[in-house]
Amino acid sequence: MRYRRLGKTGLMVSEIGFGAEWMEKKSAAEVRAVVERCEEAGINILDCWMAGPDVRSNLGAALANTRDSWIIQGHIGSTWQDGQYVRTRDMDLVRPAFEDLLARLGTDHVELGMIHYVDDVDEYEGIMAGPFIEYVRALKAAGTIEHVGLSTHAPEVAKLAALSGEIEAIMFSVNPAFDLLPAAASLDDAFTFDYADELAGMEPVRAELYATLEREDVGLTVMKGYAGGRLFSAEASPFGVALTPVQCIHYALTRPAAASIMAGFDEPAHVDDAVAYETAADDLLDYASVLAGAPKHAYFGQCTYCGHCAPCTAGIDIAAVNKFYDLAVMQGEAPASVRAHYHALDVAADDCTACAACEPRCPFGVPIAERMAQAAALFA
C-alpha cells in the first residue's frame, strides 16, 4: 500500500480508503471481516458519516483492538431521528449525535472532524458564521478532532472551504462521469479531448476546484469514485463502456490534491478489487484510451450531466436530479444519503411541468421530462 500526505493536515493516508457506507445493514461479523481485510491490505483511513446506531457500534467493535492504526473521518451534522438518517444544523441534535459517534466507535477523538454534506453556498456561509463552526472549533481546541474537514458535492462550496484557511481537507465526489463533461453541445465535438491530460476538457468549475485545492494545500479524499457502480456497466455508464475499479481509482488519484479514495466495500472481495490498484500494470490503469475509444452512439439517450439542457423553466438543476437518480437506481433501493441529497435541492423533479423545452438542447437525446417523472416517483 502506498501512502500520501493529506494536504496541510500532514496525515499520511493510504491511497485506498474505506468508505464504510455499505456496512449499513451488515452483521457485526460481516463488518469485522471487511475491516480485517482492510487492515491486512494496509488501508488506514475510514470514513464514517452514517448515523445509524448499529453500523456505528459494529464498526467500533471491529476497530476495538486496532483503533490507533486508523485515521477516522467522523462527520458532524449527521443525526439519527425517529429511526432514520437526517442531516441537520440544529445544535441540540448535532452535539449528541457526534458524541454518540465517538462513543459507539469506542474512541475519544477522530483525526478528521468533517462538517457533514454542505452543498449550498448560503448554507456554507451560515455554518461558517454561526454556532456550528463554533462547536467545531471547540472540538478542535479540546483535541476531540485533530483537523477540520468538510464534505460536499458542490465545487463552489468546496472552493470556498479551500480558501477559508480553516478547512484542511475536503471530501468531494470525483469520477469521470461527474468530471469530464462535454464542452460542446454537438455530438461531433463532444468527448474529443485528451482524457490523459489531468484537467483538459473538464467542466471548468471542477477543474478550477482541483487547482485551488492543490495550490492551497487542502487535502482531497474522494467519494463516489465508482459513481455508485454505474461506471462498471456498459449499459449504465454514460460513456457506453465499462471501467474497472482499478481504472476508476486511477482516475480519482490522478486528480490534483487527491490523497485517498474512499472506496465502498460490501464484502472482503471488494477490498481486494480495489487494492489491486497498488500492483496493477500500466495497461490495467489506462482509463483514457477506454473512454476515448467509446462509441459515440452510446452517449445517445444517456445523461452525461453536461448541463446543456439548462435553463429549466421551473428552475430544476436537471443534471443534479439525473445524477442522484442514476446513483439511486444502481443500488436497487435508494440509499438514505442519496435521498437526502435529492431532497436538499431547492427545486426538485416533482416541480417539472413537462414542458420539454429543455429536450431540444440536450445533445444526447435524453427524454428529460420522462426522467423527471421517474425521479419524482422514485424519491417521493
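Me: Which residues of H9 are buried?
Reply: This is a predicted model, where local features need pLDDT of at least 70, side-chain atom pairs count only at pLDDT 80 or more, and totals for chains, interfaces and linings use all residues. Residues are numbered from 1 along each chain as its sequence is written, and side-chain values use heavy atoms, without hydrogens or water. Buried means under 20% relative accessible area, exposed over 50%, partly exposed in between (1.4 Å probe, protein chains only). In H9 the buried residues are Val246, Gln247, Cys248, Ile249, His250, Tyr251, Ala252 and Leu253.

Me: How many of the nine residues of helix H9 are buried?
Reply: Helix H9 covers residues 245-253. The rest of the structure largely encloses helix H9, because its buried residues number eight of the nine.

Me: How many helices and strands does the chain have?
Reply: Helices (H or I, at least four residues) and strands (E, at least two) are DSSP runs, numbered from the N terminus. The chain has 12 strands, and its helices number 15.

Me: What share of the 380 residues of the chain counts as buried?
Reply: The C-alpha trace spans about 55 × 45 × 40 Å along its principal axes. Of the chain's 380 residues, the buried share is 55%.

Me: What volume does the largest pocket have?
Reply: A pocket is an open set of points on a 1 Å grid over the protein atoms alone, with protein on both sides within 12 Å along at least five of seven lines; lining residues have an atom within 4 Å of a point. Here 35 residues line the largest pocket, with Ala154, Glu156, Asp317, Ala320 and Leu345 nearest its centre. Its volume is about 890 Å³.

Me: Which helix gives the most to the lining of the largest pocket?
Reply: Helices H4 (121-128), H6 (155-163), H8 (204-216) and H13 (318-329) each give two or more residues to this lining. The top contribution is five residues, from H13.

Me: Which residues lie closest to the centre of the largest cavity?
Reply: A cavity is a set of grid points where a 1.4 Å probe fits but cannot get out. The largest cavity has a volume of about 110 Å³. Helix H15 (residues 368-379) supplies the largest share of its lining, three residues. Among the 17 lining residues, the closest to the centre are Cys312, Cys352, Cys355, Ala356 and Cys358.

How values were computed:
Grid points are joined across faces, edges and corners, and a volume is the space filled by probe spheres set on the points.
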